[in-house]
Amino acid sequence: MKKVLIIEDNEKNLYLLRFLIQNLGHEVVEARDGKQGLEKALAEKPDIILMDIQLPVMDGYETTRQIRSHEEFKKIPIIAITSYAMAGDREKTLNAGCTDYIEKPIQPERFIEKIKNYL
């Protein structure tokens, strides 16, 4: 069983992600904004982080950069989950330190396929 930190402020998206991850048999830790996400990452030491980009308090780019600034988080997968799908958005998330990128709306089958690679 892996520990998955989901940093997401939208209740419906959080519910779907939680449901999909728990169905795979993994533990879920949740944060509702970037600052809380950073705190939970440091405290909980998750195996993977699912990162919304549009977050209150601190956006997903800055949250990712701050998580990556800690040595023990240099290699942990951080997957951006975002509705930003314009040219350059994928590169921007990867440049911030995200490992991969999944577009919203989430398609459960494709999401599970991709996430299994990191779990």
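Colleague: Quick one to start. Which residue in E3 is the bridge partner of Leu-5?

Modeller: The partner is Ile-49, in strand E3. Keep in mind that this is a predicted model.

Colleague: How many bridges do E1 and E3 share?

Modeller: They pair over 4 bridges, in the parallel sense.

Colleague: And what joins strands? I'm new to this.

Modeller: Strands of a sheet pair through backbone hydrogen bonds, and the pairing can be parallel or antiparallel.

Colleague: Okay. What is the strand order in this sheet?

Modeller: The order is E2-E1-E3-E4-E5. The sheet is open, has 5 strands and pairs in parallel. Strand E2 (27-31) and strand E5 (100-103) are the edge strands, and each pairs on one side only. On average, neighbouring strands are turned by 20 degrees against each other, direction ignored.

Colleague: What packs on that sheet?

Modeller: Helix H1, residues 11-23, is one of the elements that do. H1 touches strand E1 (3-7), E2, strand E3 (48-52) and E4. The direction of H1 makes about 160 degrees with that of E2. Helix H3, residues 60-68, packs on the sheet too. H3 touches E1, E3 and E4, and its direction makes about 155 degrees with that of E3.

Colleague: Which way do they point from E3?

Modeller: Ile-48, Leu-50 and Asp-52 point one way. Ile-49 and Met-51 point the other way.

Colleague: New topic. How many residues are in the largest nonpolar core?

Modeller: That core has 20 residues. Those with the most contacts inside it are Leu-5, Ile-7, Ala-41, Ile-49, Met-51, Ile-67 and Ile-78. The elements giving two or more residues to this core are E1, E2, helix H2 (34-44), E3, H3 and E4.

Colleague: What does Met-51 touch?

Modeller: Leaving out residues up to four places away in sequence, Met-51 touches Ile-7, Gly-60, Thr-63, Thr-64, Ile-67, Ile-78, Ile-79, Ala-80 and Ile-81.

Colleague: What other core lies apart from the largest one?

Modeller: There is another core of 15 residues. Among them are Ile-6, Val-28, Ile-102 and Phe-111.

Colleague: Last topic, H3 and helix H4. At what angle do they pack?

Modeller: The angle is about 30 degrees, and the axes are 8 Å apart. H4 covers residues 89-96. Angles under 35 degrees count as roughly parallel, so H3 is roughly parallel to H4.

Colleague: Which residues make the contact?

Modeller: H3 gives Tyr-61, Thr-64 and Arg-65. H4 gives Lys-92, Thr-93 and Ala-96. By class, the contact has 2 nonpolar, 2 polar and 2 charged residues.

Methods: Residues numbered from 1 in each chain as written. Predicted model: local features only at pLDDT ≥ 70, side-chain atom pairs only at ≥ 80, totals over all residues. Heavy atoms only, no water. Pairing = 2+ DSSP bridges. Axes fitted to C-alpha atoms, helices over the stretch in contact; angles between N-to-C directions. Contact = heavy atoms within 4.5 Å. Core = buried A, V, L, I, M, F, W, Y, C linked by side-chain atoms within 4.5 Å. Buried < 20%, exposed > 50% of the residue type's maximum accessible area, 1.4 Å probe, protein only. Parallel < 35°, antiparallel > 145°, perpendicular 65-115°, else oblique. Nonpolar A, V, L, I, M, F, W, Y, C, P; charged D, E, K, R; others polar.
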